[in-house]
Amino acid sequence: VLPFFKQKERKAAKKYPELEKIVASAMQEQAMVEHEDCGIDRAAEPTAKMLAGIFETIGAGSSLGRILHEAGYYLGRWIYLMDAADDLQKDIKKKNFNPFAVHFKLTPESTQEQLEQARDFANEELNSTLVRLRAAIDLLEMNSLGPVVRNVVANGLPMMQKELLYKKESGNVRPL
């Protein structure tokens, strides 16, 4: 399967060289960042900047470019942090980089209470990121898909966040 995807990647890079440059740069920066003992904001930055660059490229030459940049930034940040929060226990167990594990100095010997503290902190970070994403989305003038996009940002992402962070642990889901 890998050769198939490599071929598709080369084709996309040839067709959209500016996007390929943004993605390649972000991936390189992400690899460097994850080898530092960095904070949560620094860890999320490459992914946030990547989506910001992609979104801004989509709106290049229009007044929407800056708004799309902000929306992309906060969506990228949310995606990175959501993935890190969802993988927290697995990353601790495998001793993989995880910004929340680094922030809370979590180890395989960490208590359930320490894990819950990290998860609650992650939830707060994700919520503040969603607030900023919603503010950017609200500035966009959208066509008939506007209500769908707003619904995904206002309801879908928070629901996914709630499900992934507080799944099945006590039979109920905590409020965001």
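Reader: Which side chains meet in a salt bridge at 3.0 Å, N to O?

Author: Arginine 66 and glutamate 70 do. Keep in mind that this is a predicted model.

Reader: How far apart are arginine 66 and glutamate 70 in helix 4?

Author: Four residues, so about one helical turn separates the two.

Reader: Is arginine 66 buried or exposed?

Author: Arginine 66 counts as exposed, at 53% relative accessibility. Glutamate 70 is partly exposed, with a relative accessible area of 24%.

Reader: How many salt bridges does the count come to?

Author: Nine. One of them joins glutamate 125 and arginine 77, at 2.7 Å from N to O.

Reader: Where do glutamate 125 and arginine 77 lie?

Author: Glutamate 125 is in helix 7 and arginine 77 is in helix 4, so this pair ties together parts that are 48 residues apart in sequence.

Reader: Are glutamate 125 and arginine 77 buried or exposed?

Author: Both are buried.

Reader: What does lysine 90 form a salt bridge with?

Author: Its partner is aspartate 87, and the closest N and O atoms are 3.7 Å apart. Lysine 90 is partly exposed, with a relative accessible area of 44%. Aspartate 87 counts as buried, at 15% relative accessibility.

Reader: Which residues are linked in a network of salt bridges?

Author: Four of them: Glu29, Glu36, Arg42 and Lys49.

Reader: Let's step back. How many helices and strands does the chain have?

Author: Eight helices and zero strands. From the N terminus on, the elements read α-α-α-α-α-α-α-α.

Reader: What does the C-alpha trace span along its principal axes?

Author: About 50 × 40 × 30 Å.

Reader: How many of the 176 residues count as buried, in percent?

Author: The buried share is 36%. The accessible surface of the chain comes to about 11100 Å², and 57% of that belongs to carbon and sulfur atoms.

Reader: What about contacts between residues at least 6 apart in sequence?

Author: Of those contacts, 55% join residues at least 24 apart.

Reader: How far apart are the end C-alpha atoms of helix 2?

Author: They are 24 Å apart. At 1.5 Å a residue, the 17 residues of helix 2 should span 24 Å, which agrees.

Reader: How far apart in space are glutamate 9 and glutamate 20?

Author: Their C-alpha atoms are 8.7 Å apart, and eleven residues separate the two in sequence. Glutamate 9 sits in helix 1 (residues 2–15). Glutamate 9 is partly exposed, with a relative accessible area of 43%.

Reader: Where is lysine 95 found?

Author: In the loop between helix 5 (88–94) and helix 6 (99–104). Lysine 95 is exposed, with a relative accessible area of 69%.

Reader: And what is phi for lysine 105?

Author: Near 55 degrees, which is positive too, in a residue other than glycine. Lysine 105 is in the loop between helix 6 and helix 7 (112–139). Lysine 105 is exposed, with a relative accessible area of 69%.

Reader: Last one. Which residues make the nonpolar surface patch?

Author: Leu145, Val148, Val149 and Val152 make it, and the patch is about 320 Å². Valine 148 lies in helix 8 (residues 146–165). Valine 148 is partly exposed, with a relative accessible area of 49%.

Definitions and conventions
Residues numbered from 1 in each chain as written. Predicted model: local features only at pLDDT ≥ 70, side-chain atom pairs only at ≥ 80, totals over all residues. Heavy atoms only, no water. Patch = residues over 30% accessible without salt bridge, like charges linked within 9 Å, V, L, I, M, F, W, Y side chains within 5 Å. Areas by Shrake-Rupley, 256 points an atom, 1.4 Å probe, with all protein chains shown as cover. Salt bridge = Lys/Arg side-chain N within 4 Å of Asp/Glu carboxyl O. Buried < 20%, exposed > 50% of the residue type's maximum accessible area, 1.4 Å probe, protein only. Expected span 1.5 Å × (residues − 1). Contact = heavy atoms within 4.5 Å.
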